[in-house]
Amino acid sequence: MSIWCDGRVGVDGYRRSGEAAEELAAGALDWLIGSARVEPDHTLYSGGAGVVLALLEGQHHFQDDRYGDAALRGAAGLAAAVDHEENCSLYFGLAGMAVALRAAHRLLGDEAAGRAADRAMDLVRTRFDGRRWGEMFELLFGNAGIALGALHVGDLELAVHAVEPYLDEADPTPGGVNWAVRPGPARSHHIAHGTLGIVYALAAVGAAAGRDDLMDLALAGAADVVARDEAGPDGFLVPHSDPPHRPELIERYSYGWCNGPAGDAQVFRLLGALTGDAAWAALVDRCWHTVTHSGLPRRVRPGFWDNNGRCCGTAGVLALACDRHEAGAHFAQVLVGDLGERATVDADGVRWSNYEHRVAPGTLAPEVGWAMGNAGIVRELLRFARTTTGADPAYAVQWPDQPAAAR
């Protein structure tokens, strides 16, 4: 069974789509509350930290303390796990847990969560060797994400320490600069694992700290990626990596938040807001052109678009569509309609399963987390629902690597 959204153009159809999105999100929150993990995952990417943030979105949107109470229970679990977590990263470790704990403190007055957030960031600080926290040197696992997490929870000093190593590890390229983000020769270009994720952190921290050297380096990194565009002058599409990283597994081109124009556009949005340069808005428009002409959300070939989630799927594109306001309204309806058709709805609530074309059976078990699961989808459905009624579209908790929503 699925819930579908009215895709007809017009105010009435738009509002009906918002009502359907809200209903889907409420069912997904019910499923999240009822889901228990045998081996708890506390991360922002796939586990409890992302779920806590989704529950806070639910409490904010519906003004229903049932979601807030569930968020408090989730925060207590995160707090208990802080001292046992070895990873320090934003998406897979302590920095992301601190973001969720700080949100529970700020929005629900949970003092224990606030203390746990402080403890988590203290551990992150003690594990810094002066250069990095591990082999990966990017946003999901490495310095860039930890910097954004630190900035998000109010630790500007740690955020600056985290990004300063990029200053002397940047390699000149014909278009600008880039960085070796992992062991091996491949240089990745996008927000999740590549240059643009580092650019986002450099720009955000540079602006907060008044550091022109960090902002200048961010612009040089962005210039490298822009020089690699293969879809101009109307579009914007840059390969995943050069030389190709694991080409037997990873497609050369993607379209979502993680390694495609839906995420590239978020970086360009930030640079436009910080510099006032209209060229960045033009690049956002080009990203949007490519996304809307790519064929998604149709499953047009194996591996092209098999994911509903926020990281590399439909929900991440929905975030960009809502950022486009009226210009993105019709495509946002299309995306919400697709999510509605692909939802599983039963007595347990609403949930989504992704598809893996390399294995049989290809339908994967539904997940709870932000990246590939319900938590990330809920956040975007609720924001879309607010846009259809003229309510404030702002999230309850601004994500560390996405510019603030505006009316």
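A pocket is here an open set of grid points with protein on both sides within 12 Å along at least five of seven lines, and its lining residues have an atom within 4 Å of a point. In this predicted model, the largest pocket is lined by 35 residues. L249, I250, C312, R358 and M372 are the lining residues that lie nearest the centre of the pocket. The space in the largest pocket amounts to about 1,100 Å³. Its lining is made up of 18 nonpolar, 10 polar and 7 charged residues.

Across the model, the count of salt bridges comes to 27. Among them is the pair E251 and R301, whose side chains meet at 3.2 Å, N to O. This pair links distant parts of the chain, the two residues being 50 residues apart. E251 belongs to the loop between β4 (241-242) and α11 (261-275), and R301 to the loop between α12 (278-292) and α13 (314-323). E251 is partly exposed, with a relative accessible area of 27%, and R301 is likewise partly exposed, at 41%. Another salt bridge is formed by the side chains of D64 and R66, at 3.9 Å, N to O. D64 has a relative accessibility of 28% and so counts as partly exposed; R66, with a relative accessible area of 40%, is also partly exposed.

A search of the whole structure finds 1 cavity of 30 Å³ or more. The volume of the largest cavity is about 50 Å³. Its lining consists of G50, L53, A54, E57, W370, A375, R379, V397 and W399. The contribution of α2 is the greatest, with 4 residues. By residue class, the cavity lining divides into 6 nonpolar, 1 polar and 2 charged.

Technical notes. Residues numbered from 1 in each chain as written. Predicted model: local features only at pLDDT ≥ 70, side-chain atom pairs only at ≥ 80, totals over all residues. Heavy atoms only, no water. 1 Å grid on protein atoms, 1.4 Å probe; cavity = no way out; pocket = protein on both sides within 12 Å on 5 of 7 lines; lining within 4 Å. Points joined across faces, edges and corners; volume = space filled by probe spheres on them. Nonpolar A, V, L, I, M, F, W, Y, C, P; charged D, E, K, R; others polar. Salt bridge = Lys/Arg side-chain N within 4 Å of Asp/Glu carboxyl O. Buried < 20%, exposed > 50% of the residue type's maximum accessible area, 1.4 Å probe, protein only.
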